[in-house]
Amino acid sequence: MLIWLTPLQMSLYGGLAVLAALAVRTAGRRRLPSGVLSWLWLLAALRFLLPVSVSGPASVDVSALLPRPLPSVSLPAPLPGTAAADAVALPAAPDGLTIPWPVLVWAAGALVLAALFAGLWLSWRLRLRRARPCRRPAVEAWLAGRSGRRLRVLEYPGLTTPMACGLFRPAILLPPGVPEEVLPLVLLHESVHLARRDNLKRGLSLLVVCLHWYNPLAWVLAVFLARDVELDCDKAVLARTDRDCRAEYASTLVSAAARPARSSPYPCYGKHAIKERVVTIMTWKRPTRRRCVLAAVLLAAFGIGLLTGFAAVSRQGEPDVPVFPQGEGVVGLGNRGLPMI
């Protein structure tokens, strides 16, 4: 059965999805094939944004963790001749739209974060107008040797680390002074980001943060998705290069990541994240076919579990709870529920 969720239920189920993704990540982040970690966080982000859930025999109702609304109240009709029946009716409330204050607080937080991220993105795009095409021999040789989607390689003096940008007009941005011998690895890394649409995944995580800013697990999702798209990209680069390139690739990563890009709209990575990437690079093993099949089954089970594992039990149709039951010898609210004498 398809059930529509309230915003609080969406946030609750999305938080549970983040906890499940953290458990899977902790158990096998170094053994999982490239791309699996990114898809785990992407599915968790969709659980935050998807307003429906499928209820089934295996579904667990966790909506009891949310504040339950008070039951509707039905008052007994006052008896003729009582004070309540003879009372003058109160004037009706004036017509108009009344927005509850929690909705106003949520909307204010969402708009502030959206404006902040949009301002960072716009400032960053305006600075990129100073970028110029990179004409270095290693770059031109790399572009000539690749096939597929056309890429632009630009050099921007305001950067401190290479970056990939653009969805419709993809480009790789290089800071000045990148050594010639490491340029092929740097360009390969950034081209993998563009091929996997990692900028779109990060943007989706920022949308989750804007809509569910009050949920700490939404921020956890944004941070770990940004970290794990880098881990998955490292694994993809290692799968396309020789084992002898690992040490050079790790040293390039450390020198580049030690100077994080300024004014980036995405979460930053600390020294722990850099260390984790270096350890993964040096210990990574090419996945076997069996491991790839198991990873595909894991992703399918994870996605189905997020869609059907948690469902809110519909409470429509519950009987109203009368305040004063009208039994024998009891009158309505007009006589304050006193027994008849």
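I began with what counts as pairing: two strands pair if DSSP finds at least two bridges between them. I keep in mind throughout that this is a predicted model.

**Strand β7 and its partners.** With that definition in hand, I looked up β6 (residues 163–165), which pairs with β7 in the antiparallel sense over 3 bridges, and I found C165 standing opposite A171 in β7. I noted that β6 and β7 form a hairpin with 5 residues between them, and that G166 in the turn has a positive phi of about 90°. I then turned to β5 (residues 152–155), which pairs with β7 in the parallel sense over 4 bridges, L154 being placed opposite L173. I checked both faces of β7 (residues 171–174) and found them covered, with A171 and L173 buried on one side and I172 and L174 buried on the other.

**Cysteines.** I searched the whole structure for disulfides and found 0.

**Nonpolar cores.** I listed the largest nonpolar core, which has 26 residues, and wrote down V18, L40, W41, F48, L221 and F302 as those with the most contacts inside it. I saw that α1 (7–28), α2 (36–49), α7 (198–211), α8 (216–239) and α11 (289–308) each give two or more residues to this core, and that the largest share, 9 residues, comes from α2. I followed L40 beyond its neighbours within four places in sequence and found it in contact with V24, L299 and F302. Apart from this core I logged another, of 15 residues, including V153, I172, V178 and L194.

Note on methods. Residues are numbered from 1 along each chain as its sequence is written. This is a predicted model: local features need pLDDT of at least 70, side-chain atom pairs count only at pLDDT 80 or more; totals for chains, interfaces and linings use all residues. Side-chain values use heavy atoms; hydrogens and water are left out. A nonpolar core is a set of buried Ala, Val, Leu, Ile, Met, Phe, Trp, Tyr and Cys residues joined through side-chain atoms within 4.5 Å. Buried means under 20% relative accessible area, exposed over 50%, partly exposed in between (1.4 Å probe, protein chains only). Contact means heavy atoms within 4.5 Å. A disulfide is a pair of cysteine sulfur atoms within 2.5 Å.
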